[in-house]
Amino acid sequence: MDDDLLAADCAMPELTEPRLALFTLSEAHELLDVLHHFGAAEHDWGAQARHFAAELAARVPSRDA
């Protein structure tokens, strides 16, 4: 896995509002995009990303809906 992904400048910003209990539809689609990106790699992380992308896609309405 690239060390770039763990770099300090990739840290999440401080939250100013409480988190929702569930992802919004937009957040779910953004996460699905990230999982598809990492799922393109042929290594263990890629396999896990493909698995979770499929699980998320089965639970989230499509963008076209």
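The protein's secondary structure comes to two helices and zero strands, where helices (H or I, at least four residues) and strands (E, at least two) are DSSP runs numbered from the N terminus. This is a predicted model, in which local features need pLDDT of at least 70 and side-chain atom pairs count only at pLDDT 80 or more, while totals for chains, interfaces and linings use all residues. Residues are numbered from 1 along each chain as its sequence is written, and side-chain values use heavy atoms, with hydrogens and water left out.

Of the 65 residues of the protein, 15% count as buried; buried means under 20% relative accessible area, exposed over 50%, and partly exposed in between (1.4 Å probe, protein chains only). Among contacts (heavy atoms within 4.5 Å) between residues at least 6 apart in sequence, 50% join residues at least 24 apart.

**Helix packing**

Helix 1 (residues 25-39) packs against helix 2 (residues 44-59) at an angle of about 150°, with the axes 8 Å apart. That makes helix 1 roughly antiparallel to helix 2, the class for angles over 145 degrees. Axes are lines fitted to C-alpha atoms over the stretch in contact, and angles run from 0 to 180 degrees between N-to-C directions.

On the helix 1 side, Ala-28, Leu-31, Leu-32, Leu-35, His-36, Phe-38 and Gly-39 meet Gly-46, Ala-49, Arg-50, Phe-52, Ala-53, Leu-56 and Ala-57 of helix 2. By class, this contact of helix 1 with helix 2 has ten nonpolar, three polar and one charged residues. Ala, Val, Leu, Ile, Met, Phe, Trp, Tyr, Cys and Pro count as nonpolar, Asp, Glu, Lys and Arg as charged, and the others, Gly among them, as polar.

**Core**

Seven residues form the largest nonpolar core: Ala-28, Leu-32, Leu-35, Ala-49, Ala-53, Leu-56 and Val-60. Helix 1 and helix 2 each supply at least two residues of this core. A nonpolar core is a set of buried Ala, Val, Leu, Ile, Met, Phe, Trp, Tyr and Cys residues joined through side-chain atoms within 4.5 Å. Leaving out residues up to four places away in sequence, Leu-35 touches Ala-49, Phe-52, Ala-53 and Leu-56.

| Residue | Class | Relative accessible area |
|---|---|---|
| His-29 | buried | 8% |
| Trp-45 | exposed | 52% |

His-29 lies in helix 1. Apart from neighbours within four places in sequence, His-29 is in contact with Val-60, Pro-61, Ser-62 and Arg-63. Trp-45 belongs to helix 2. The C-alpha atoms of Trp-45 and Leu-35 are separated by 9.8 Å, the two residues being ten apart along the chain.

Conventions: Parallel < 35°, antiparallel > 145°, perpendicular 65-115°, else oblique.
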